[in-house]
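Subject: Structure handover

Hi,

Here is the structure I promised to pass on. Please open it alongside this note.

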Amino acid sequence: MRNDLDRELALAWLRTAAAAVERQHEELTALDAAIGDGDHGSNLRRGFAAVVAAVDALDADATPGTVLGKAGSTLISKVGGASGPLYGSALRVAGAALPAPTADLTALAEALRAGLGAVQKLGGAAVGDKTMIDAFEPAVAALERAAFDGFTLREASALAAEAAEAGARATIPLQARKGRASYLGPRSVGHQDPGATSTALLFRALAEAVTA
Amino acid sequence: MKKLINTPESVLDDALAGIAAAHPELTVDRENRVIHRADAPRPGKVTLISGGGSGHEPLHGGFVGPGMLDAACPGEVFTSPVPDQLLAAVRATDGGAGVVFVVKNYTGDVMNFSLAAELAAEEGIEVRTVLVNDDVAVEDSTFTAGRRGTGATVVVEKVAGALAERGAKAAEVASVGERAVAASRSFAVALTAATVPAAGRPGFDLPEDEIEVGVGIHGEPGRRRAPLRPARELVAEVVDTILADHTLSAGDEVIALVNGLGATPLLELYIVYGEVAARLAERGLTIARNLVGNYVTSLDMAGFSLTLTKADPELLELWDAPVHTAALRRG
């Protein structure tokens, strides 16, 4: 078990995420069909398949930051829609904040906070708008709290995954104010946001990769 | 799902192969997914580039050619193109006079076009953006992503394309595009949902006797559900909704686009057009120019959208200018 993010763990995180997207793409697409246009699962599936191929081709001396950055630029150039630039920018900016061969929990939390900032800047959404921010923000906050309290990476990533999942579930009663679901107005109420759901899936993948 | 496809994954690539085979006057870069004029780049001409998710054909690839677009970038079905793709289109067509992007107002399109504009700027290419947001079904407020871009896109591409063809500067081309956006309002009604190939089932379930009022072009439900009514009553609601939001008054002339959403026969679209003309006449408005047909579609969605653009002599002259594209030809 690890307590730092290194190149191997970054690769394991992305591979676990890709496998989870592959497993759950139909569920993501179904959530998107309810309040969007029904392609979130297939878009992320295409993107993460490309991510795995791209990061596998990186040199052995790549830092975890290089791995996440490469994943980000791959998502931007392969996914399209809003999720490509949003997830892509999050990973690129987080990656740029991790130049060392290993990063401790505090550094990881800071990097993901920077990635979250990139998403907020690009999409202009806040907590409560029924977007991926509703899962991303509580997950990063959980990592920060865990780092402050001296938790292990394993404990912290599990708490972050739980916080993201709770955040995703909490989007169900909300009315969307950003993205395509916002066009539905009150009709978006009662459906879980697909973007928040895929964000929760990515944080769960981190927790699984850390434990593996 | 019953569609003429090979696999859901290869829909776009297979369609691009068909477009390349059907239109030798266009260059189809299948690797970068760019459709552009075969004679590009044209030195000194402002380049007009649009793009967006596939599934809206003939938008945008069908409007590439003299008098309209220089290049179009189709994304995956209902998904915006990626920045690399847009940058490839800029590189293939830039004639040194600047580039104007025509972007429909959807979060993903806006982000990807804006990333591409930044990348182009790094290469020293100036890009201006015309944002199309004509759909009155969406309340334009801080509580939404803003109004969607729908039927007015055709009007914008036509008039801006005509002005670019005449050698106007990039700022002028963008400015006339923005003027066309400001003069346009659209509203749509769906009788059935669209089926995205990758999803395999309709985007929403609609009983036989109900319709979705205020839909966009991406298969998402509209702003409300209502009973199916005769065309005359539906058109009355659509026209009145647009006029309530428009700055039109008796005596004005309009360009009217009665647009099929993909699965509605022309027979029905002409019934709709007749009702539109009658309703507008009652309000003292004259249709100066019209288009009736499938121009901005939503895969196999049945229904129609109406776009009304307030006309003026300049817009009419640009509208009438020669155009030679796969989907629109005259002069």
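Predicted model: local features only at pLDDT ≥ 70, side-chain atom pairs only at ≥ 80, totals over all residues.

**Interface of chain A and chain B**

On chain A, 30 residues are in contact with 38 residues of chain B. The buried area between the two chains is about 2500 Å². Carbon and sulfur atoms give 57% of that area. A:R180, A:Y183 and A:R187 stand out: they supply 29% of the area that chain A buries against chain B, more than any other three residues.

The rule finds two salt bridges across this interface. A:R46 forms a salt bridge with B:E76, with the closest N and O atoms 4.0 Å apart. On the chain A side, α1, α2, α3, α4 and α5 each supply at least two residues. α2(A) gives the most, with four residues. By class, the side of chain A that touches chain B has 11 nonpolar, 11 polar and eight charged residues.

**Helix α2 of chain A**

α2(A) has 17 residues. From first C-alpha to last it reaches 24 Å, close to the 24 Å expected. Its buried residues include A:L44, A:F48, A:V51 and A:V55. What covers the buried residues of α2(A) includes α1, α3, α4 and α8 of chain A.

**Salt bridges**

Over all chains, the structure holds 39 salt bridges.

- B:D300 pairs with B:K3, the closest N and O atoms being 3.2 Å apart. B:D300 lies in the loop between β11 and β12, and B:K3 in the segment before α1 of chain B, so the pair ties together parts that are 297 residues apart in sequence. B:D300 is partly exposed at 28% relative accessible area, and B:K3 is partly exposed at 26%.
- B:D70 and B:R37 meet at 3.7 Å, N to O. B:D70 is in the loop between β3 and β4, B:R37 in strand β2, 33 residues apart. Both B:D70 and B:R37 are buried.
- B:E126 pairs with B:R128 at 2.7 Å between the closest N and O atoms. B:E126 is partly exposed at 43%, and B:R128 is partly exposed at 31%. Elsewhere, salt bridges that share partners join B:R37, B:D39, B:R42, B:K45, B:D70 and B:E165 into one network.

**B:T47**

Is B:T47 buried or exposed? B:T47 is buried, because its relative accessible area is 1%, under the 20% cut-off. B:T47 sits in strand β3 of chain B. Its contacts beyond four places in sequence include B:D70, B:T93 and B:V100.

Best wishes

Conventions. Residues numbered from 1 in each chain as written. Chains lettered and ligands numbered in written order. Heavy atoms only, no water. Contact = heavy atoms within 4.5 Å. Buried area = accessible area lost by both parts, 1.4 Å probe. Salt bridge = Lys/Arg side-chain N within 4 Å of Asp/Glu carboxyl O. Nonpolar A, V, L, I, M, F, W, Y, C, P; charged D, E, K, R; others polar. Expected span 1.5 Å × (residues − 1). Buried < 20%, exposed > 50% of the residue type's maximum accessible area, 1.4 Å probe, protein only.
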